[in-house]
Amino acid sequence: MHEGMIAMLGIIAVLVIRDMAKTVLSGKKDKNLSEIYEHHPQKEQMERYAASFRKLANSFYDMPFRKESLTASETEEIFGKMQKGVCSRCPRAESCWNLCYHLTYQQGCELLNALENGGRDELTKAFGDWTEHCVNGARFLEEIRDEFMKSRQELMWNNRLIENRLAVAEQLGEVAHIMQMAAEDIYSITGVPHELEDQARKNLKKHHVVVKKMWMLEKPEEHLKIFLTMRVRGGQCVTVGEVARELSAICSTRLVPAREGRNVLNSDYSTVLFTEDTNYRVLYSAAKVTKEKETVSGDSYACRDEEGQLVMCLSDGMGSGLAASRESEAVVELLEEFITSGFTRETAAKMINSALVLQRSGGMFSTVDICELNLYTGVCSFLKAGAAASFIRRDQWVETISSTSMAAGLVQRLDFDTAVKKMYDGDYLVMVTDGVLDALPVQKEEETMKEILLDIHCTSPREFGRAVLERVLGYCGYRARDDMTVLVAGVWKKA
């Protein structure tokens, strides 16, 4: 009996020591892997690439910036050409450019300033002052105007090159930022705790699911994401929803399968992503009216609901018709592509603005209006460039989010208007283009829109948007003087 008890105790001790060893060794392994990943050659190489791109971008920023007027050296160069041309055959050249140099130079500068500013009265006065002592005044004015126009044209071309250079610098800086983020994300995926993996294997085995591998995305600022490589056995049919329910019970948090994954498991191994379920659900819709006598709207929009984020993009191309539609559609498509690829809305907007500056010909620019709603927290972030005001309606209260910045594509270093608001159960978010507000009474656009929103009692975002557009059209005699688009999103708390 005693020998049996001693043997049993010995076996228990061995098992306990084995489990302790596994825990200690796994901890060391995780720690060693963390250290390896932190200084992994590929990660460090990616960081070096990012540093190189950032340094290259800074070299562009260190170059001369755009000029609004001619410099002193360029002015002296024009006067030098005039001395060698018109004034070289004038008997009074010695008197003007040597004995009375300062007076001649001052009056010449006044003449150039008048040409540059374009004021008729100022130009007439400067020309009159010049002809009082210049015997070849008419010819001198004609020649200096030609030289000024050449220098002015060269200045405009140089400024255009500088804008393009800054656009490239902006792109390089954003590429460096993206590469740095990619380097940090390369090794964010780690194994799950052994207890959790063992429990998942046992519970799923009861449902005929064989788990081959299980790991998680470990990023402190993000919500739980678990990957499972698994299959079913015995010809069974198991949905990923059933697996999600088992995982939710094990992890003590509500998990749902990713939308782009498969719905049913079969006998082949497949990897499925499960993410933490959101706290809010959202429905959205759009209502549009094309400008009178136009067949194509110059407004474009996109809505994406994935990975716990609702992103709504709205762009109004300058003008109307097909040209405006192409501009706004290009902006929205790029915004959608960048944001859904994981870029921040600021990065996406900056890169698009740079692209518009680079390809601008004849004034290609569009408004940018981005709303990003976190469906876990209800926090809504806005980014606007030349966009119309947006509105949040909550019960009998409406808040306005306005913008005073310029549209994208006008200037290289564009300052975006940003705002952050908290959304609650039953709130409605309303985004509109300029055509909607311009149809309302002048200087009372936002106040009138607030009254319209408070007077609508539809619960469906689709009907809500249509009702808004119907009320707005009533103010302009049901004749749209510009393209109108209304985006509406309703937010509700999950039970």
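**Overview, sheets and helix packing**

Mentor: Of the 495 residues of the protein chain, 43% count as buried; buried means under 20% relative accessible area, exposed over 50%, and partly exposed in between, with a 1.4 Å probe and protein chains only. The model is predicted, so to speak of local features requires pLDDT of at least 70 and side-chain atom pairs count only at pLDDT 80 or more, while totals for chains, interfaces and linings use all residues. Residues are numbered from 1 along each chain as its sequence is written, and side-chain values use heavy atoms, with hydrogens and water left out.

Trainee: How many helices and strands does the protein chain have?

Mentor: The protein chain has 14 helices and 17 strands. Helices (H or I, at least four residues) and strands (E, at least two) are DSSP runs, numbered from the N terminus.

Trainee: And what share of the contacts comes from residues 24 or more positions apart?

Mentor: Such residues account for 69% of the contacts in the protein chain with a separation of 6 or more. Contact means heavy atoms within 4.5 Å.

Trainee: Let us turn to the sheets. What is the strand order of the open sheet that contains β17?

Mentor: That sheet has five strands in the order β8-β17-β16-β13-β14, with antiparallel pairing; two strands pair if DSSP finds at least two bridges between them. Its edge strands, each pairing on one side only, are β8 (280-289) and β14 (397-401). Neighbouring strands are turned by 20° against each other on average, direction ignored.

Trainee: How many bridges does β8 make with β17?

Mentor: There are 10 bridges between β8 and strand β17 (residues 484-493), in the antiparallel sense. As an example, V282 has V491 in β17 as its bridge partner.

Trainee: Which strands of that sheet does α13 touch?

Mentor: Helix α13 packs on the sheet and touches β13 (390-394), β14 and β16 (428-432). The direction of α13 makes about 140° with that of β14. Axes are lines fitted to C-alpha atoms, for helices over the stretch in contact, and angles run from 0 to 180 degrees between N-to-C directions.

Trainee: What about α14, which strands does it lie across?

Mentor: Helix α14 lies across β8, β13, β16 and β17, and runs at about 145° to β17.

Trainee: At what angle do α13 and α14 pack?

Mentor: Two packed helices are described by the angle between their axes and the distance between the axes. For α13 (residues 445-454) and α14 (residues 461-475), the angle is about 135° and the axes are 10 Å apart. The two helices are therefore oblique to each other; angles under 35 degrees count as roughly parallel, over 145 as roughly antiparallel, 65 to 115 as roughly perpendicular and the rest as oblique.

Trainee: Which residues meet there?

Mentor: From α13, T448, M449, I452 and L453 meet F464, V468, R471, V472 and Y475 of α14. The residues of this contact divide into seven nonpolar, one polar and one charged. Ala, Val, Leu, Ile, Met, Phe, Trp, Tyr, Cys and Pro count as nonpolar, Asp, Glu, Lys and Arg as charged, and the others, Gly among them, as polar.

Trainee: Moving to β3, why is it described as largely enclosed by the rest of the structure?

Mentor: Strand β3 (residues 225-232) is described in that way because seven of its eight residues are buried. It pairs with strand β2 (residues 209-217) in the antiparallel sense over eight bridges, M216 being the bridge partner of I226 in β3. Six bridges join β3 to strand β7 (residues 270-276), also antiparallel, and T229 stands opposite T271 in β7.

Trainee: Is S270 buried or exposed?

Mentor: S270, which lies in β7, has 11% relative accessibility and therefore counts as buried. Leaving aside residues up to four places away in sequence, S270 touches L228, T229, M230, R262 and L265.
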